[in-house]
Amino acid sequence: MGKIEDLQVINGEGYQLGRLEKVVAAARANSVWPLPFATSCCGIEYMATMGSNYDLARFGMERMSFSPRQADLLIVAGTISKKLGPILKQVYEQMAEPKWVLSVGACASSGGIFDTYSVLQGIDRVIPVDVYVPGCPPRPEQIIDGIMKIHDMVRNEPLRRRYSDEYKSLLNKYEIEGNAE
Ligand code: SF4
C-alpha cells in the first residue's frame, strides 16, 4: 500500500493540490483487477494467496476478473503448453491498457522441469512480462511479493508510458498491436 506522502499533495484550507500523474497512479495501484490464468499446481498456490489467511483483499484485489476486458493484471500460474500460447496471447491482447503481467512459478517463467517439445519455455516467448516469481511452486508470500512489485511499478509508471516509442517497439517485438490510442 502506498504511503499518503508519496502522493505529494499540498493541503490548504478547503483545498488539496496534487500531481494528476501521482493521484492516477495511486488509484490504479490500489484497485488492480487480476485475471488468473491458472493451468496447474501454481494456480493452487494462487488460490491459497486469495484466501483469508493471506488476503488479497487488503490490496483492493479481491475482485477476480475472468473477462480480459475488465482486468488489468494478467497472472499466469502454471505450465503453458505451446498449443495454449496463442490463446494466452489473445487474452493479453483483449485486455485494455494499461495492463501488467505477473509470471508465477518456474513453469510460466521458463517451462520449469518440462523441457519438452510440447511446453512453452516461458510465457515471455509470446507476451511481455513485468515481474517473474521464482519457485516450484512459489509460496503465497512470494506471490504477494511479486504482486507488491507490480504495485510499485504501477505507482511509478509515467502517465504517458503506454504511448511511448519504447513501449510500442516492445509490443512490436511480440507482433502485438497496441490499444493505448
Ligand atoms: S512451477 Fe512447479 S508447482 Fe508451478 S506449475 Fe510448474 S510444476 Fe507445478
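**Close-up views of a predicted model**

**View 1. Helices α1 and α5 pack against each other.** Helix α1, which covers residues 20-29, packs with helix α5, residues 140-156, at an angle of about 155°, and their axes are 7 Å apart. Because angles over 145 degrees count as roughly antiparallel, α1 is described as roughly antiparallel to α5. The crossing of these two helices, α1 and α5, is right-handed. On the side of α1 the contact is made by A25, A26, R28 and A29, while α5 contributes H151, V154, R155 and N156. Sorted by class, the residues in this contact of α1 with α5 are four nonpolar, two polar and two charged. All of this is read from a predicted model.

View 2. In the predicted model, the residues around the ligand are S40, C41, C42, G78, T79, G105, A106, C107, G112, C136 and P137. Two elements, α2 (41-50) and α4 (105-110), each give two or more residues to this shell, and α4 gives the most, with three residues. When the shell is divided by class, six residues are nonpolar and five are polar, whereas no charged residue is found there.

View 3. The peptide bond from E97 to P98 is cis, with omega near -5°, and P98 is placed in the loop between α3 (85-94) and β5 (100-104). The peptide bond from C136 to P137 is likewise cis, with omega near -5°, and P137 has its place in the loop between β6 (131-133) and α5.

**View 4. Two residues with positive phi.** D55, which lies in the loop between α2 and β4 (73-77), has a positive phi of about 65° although it is not a glycine. With 14 other C-beta atoms within 10 Å, D55 is partly exposed. E175, found in the segment after α6 (165-173), has a positive phi of about 55° and is not a glycine either. E175 is counted as exposed because it has 8 other C-beta atoms within 10 Å, and a residue is exposed if that count is 12 or fewer.

**View 5. D145 in helix α5.** D145 is a residue of helix α5, and with 13 other C-beta atoms within 10 Å it is partly exposed. Although D145 and P34 are 111 residues apart along the chain, their C-alpha atoms are separated by 15 Å.

Methods:
Residues numbered from 1 in each chain as written. Predicted model: local features only at pLDDT ≥ 70, side-chain atom pairs only at ≥ 80, totals over all residues. Near = placed C-beta within 6 Å. Helix = DSSP H or I, 4+ residues; strand = E, 2+ residues; numbered from the N terminus. Nonpolar A, V, L, I, M, F, W, Y, C, P; charged D, E, K, R; others polar. Axes fitted to C-alpha atoms, helices over the stretch in contact; angles between N-to-C directions. Parallel < 35°, antiparallel > 145°, perpendicular 65-115°, else oblique. Left-handed = near helix turned anticlockwise from the far one by under 90°. Contact = placed C-beta atoms within 7 Å. Buried ≥ 20, exposed ≤ 12 C-beta atoms within 10 Å, placed from the backbone.
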